[in-house]
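Subject: Structure for your files

Hello,

Here is the structure I said I would pass on. My notes on it follow below.

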Amino acid sequence: MLAEKLLLNVLIILLPIFIHSVLFDNKRVGKSPYLCGVLQSVAVFLSLAFSFEDGGLYWDLRYVPMVVAFLYGGPIAGTMVLVTYLATRTFMGGDLLLGYVSGFLAAVIPFMFMKKFWTFDAKKRIRTTVLVGLWPSLSMLVILVANMLINEASAENTNQIMLNIAIFGAIQVCAVWIVAILNESLIEKDLMKKEILRAEKLNTLGELAASIAHEIRNPLTVVKGFLQMMHKQEKGDNHYYLSLVLTELGRAESIINDYLNFAKPQFEKMEGAELAGIITEVTLLLEAFAAKEGVQVNVKLEWGIFVKTDRNQLKQALVNIIKNGIEATDEGGEVNISQVSTGNESYIVISDTGKGMDSAQIARLGTLFYTTKDKGTGLGTSVSIKIIETMGGSISFKSEKGVGTEVTIILPTFLTSSSNVAHDSVKRDVVMKQ
C-alpha cells in the first residue's frame with residue numbers, strides 16, 4: 001500500500017513538468033520563477049493531501065518539489081514552496097514542531113547549492129539533484145530513529161518502519177532522478193531551439209551579406225585596377241593621395257572578403273597539415289604585434305598531430321582568436337596557447353589574462369556586428385567560428401570579468417605521425433617574449 005501511494009506521489013511531482021511543457025513552453029511566463037513556484041507548490045499540497053498514514057507517521061514525497069523548486073527555480077520558487085508546505089502542514093495538524101523542523105531541514109541543503117548548481121553541466125546537475133534529494137530522506141530517517149528511541153517502539157513496529165524507510169528512500173531517489181532528467185531535457189530542448197533560430201538568422205544574414213559583397217566587389221576590382229595604373233604613372237603630389245586611396249580600397253576589399261567567408265568559407269585546398277606547425281606560423285606572425293602591446297605569448301605544442309584542413313583558412317581563424325586575446329590583455333599580461341590530442345580529437349586552448357566577459361557578452365559572441373572592442377565589426381570572431389564549424393570542429397568560450405577568457409577549439413584529428421607515437425607525444429615549448 002505504501003508503494004502504491006508513493007507511486008501516486010511520483011505522478012503528482014511529474015505533473016508540473018507536463019503542465020509546463022504543454023501550456024507554457026513557448027511563452028515568456030514559462031521562464032518565471034513565480035510560475036515554477038506555483039506549480040511546485042501545487043505538487044507539494046497534493047503530495048501532502050495523498051499521504052499514506054502508517055503507525056502515526058505520514059509517508060509522501062512532499063520534499064521532492066521543494067528540492068526541484070530551489071535548484072531549478074531559484075530562491076523565489078523555493079521559498080514559495082516552503083511557505084506552501086508550512087501552511088498545508090499547519091492546516092493538517094498533528095506534530096507541527098516535527099513538521100516544521102523537517103521542512104526547514106529539507107530546504108537548507110538545496111538552498112545552499114542554488115548558486116553553484118548552474119555552474120555544473122547537465123550530467124552533474126542531475127547527479128547533484130539526486131544527491132540533494134537524498135537529504136530529506138536522511139533527515140527523516142534521523143528524526144524517525146530518534147522518535148523510536150524516545151517512544152521505545154516494539155521490534156515489530158521498528159522492522160515495519162525500517163522497511164517503509166527503505167521503500168520510501170528508493171522511490172524518492174528514482175523520482176528525483178526522473179524529475180531531474182525531464183527538467184534537463186526541457187532545458188536542452190530550449191537551447192536547441194535557440195541554436196536553430198541563431199543558425200537560421202546567421203544563414204539569412206550570411207546569404208544577404210554574400211550577395212551584397214559579391215555585387216560590390218566586382219566594380220571595386222575595376223576601380224582598384226584603374227587606380228593602380230594611375231598610381232604607377234603619377235609622379236606628382238597626387239601619388240601620395242592615390243596611395244591612401246589604394247590602402248583604403250584594400251581594407252574595404254578585406255572586409256568584403258570577410259563577409260563572403262562568413263557566408264561560406266572557401267576551402268581551396270584540403271590537405272593533411274601538422275597542427276603544431278600551423279600554430280607556430282600564426283604565433284610568429286603575431287610576435288611583433290604582441291611585443292608592441294606588451295603582452296607575452298606562451299605556446300605549448302604537441303608535434304606529430306595532423307588535421308585535414310585548408311591551411312590558410314585555419315590560420316585566419318587562429319589569427320583572429322589569438323589577436324583578440326592579445327588586444328583584450330593589458331600590458332604585462334599573458335596569452336597562453338596549448339595544444340594536445342586525445343583520441344580522435346585535437347584541442348587548442350587559448351587563454352588570456354585580459355578584461356574578460358560576462359555571460360551576456362559570451363552569449364552574443366559570433367553574431368554579426370557584435371564586438372566587445374571599442375572599434376570593430378565583430379566579423380573576425382564570426383568568420384573564425386564559421387571556419388572551425390565548417391571543418392567539422394567546435395569552439396567554446398569561457399570567461400570571467402576581470403580574470404580573462406579561455407577559448408577551446410576542438411578539431412577532428414586526421415592522422416598521427418609514427419614519430420609522435422614512438423616518442424610518446426614529445427612536446428616542445430615555445431615562448432615568445434616581449
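The chain has 14 helices and 11 strands. Please keep in mind that this is a predicted model. Of its 434 residues, 42% count as buried. Among contacts with a separation of 6 or more, 75% are between residues 24 or more positions apart. The chain exposes about 23800 Å², and carbon and sulfur atoms supply 62% of that area.

Nonpolar cores

The largest nonpolar core has 33 residues. Those with the most contacts inside it are Leu314, Leu318, Ile337, Ile348, Ile350, Ile409 and Leu411. The most is given by H11, with 6 residues.

Neighbours within four places in sequence aside, Leu318 is in contact with Ile278, Ile279, Val282, Ile348, Ile350 and Ile409. Another core, of 28 residues, lies apart from the largest one and includes Leu6, Trp59, Val132 and Val176. As background, nonpolar side chains in soluble globular proteins tend to be buried together.

Aromatic residues

How many aromatic pairs are there? The count comes to 5, taking ring centres within 6.5 Å as the rule. One of them joins Phe70 and Phe111: the ring centres are 6.1 Å apart and the planes stand at 85°, so this pair is edge-to-face. Phe70 belongs to helix H3 (residues 63–73) and Phe111 to helix H5 (residues 96–117), so the pair ties together parts that are 41 residues apart in sequence. Are the two partners buried or partly exposed? Phe70 has 4% relative accessibility and counts as buried, whereas Phe111, at 47%, counts as partly exposed.

Phe117 and Trp118 make another pair, with ring centres 5.4 Å apart and planes at 85°, so they too are edge-to-face. Phe117 is buried, because its relative accessibility is 0% and the cut-off for buried is under 20%. Trp118, at 43%, counts as partly exposed. Together with Tyr72, Phe117 and Trp118 form one aromatic cluster.

One charged residue also sits on a ring: Lys323 lies over the face of Phe289, at 5.3 Å from the ring centre.

Regards

Notes
Residues numbered from 1 in each chain as written. Predicted model: local features only at pLDDT ≥ 70, side-chain atom pairs only at ≥ 80, totals over all residues. Heavy atoms only, no water. Phe/Tyr/Trp six-rings, centres within 6.5 Å; stacked < 30°, edge-to-face > 60°. Helix = DSSP H or I, 4+ residues; strand = E, 2+ residues; numbered from the N terminus. Buried < 20%, exposed > 50% of the residue type's maximum accessible area, 1.4 Å probe, protein only. Lys NZ or Arg CZ within 6 Å of the ring centre and 35° of its normal. Contact = heavy atoms within 4.5 Å. Areas by Shrake-Rupley, 256 points an atom, 1.4 Å probe, with all protein chains shown as cover. Core = buried A, V, L, I, M, F, W, Y, C linked by side-chain atoms within 4.5 Å.
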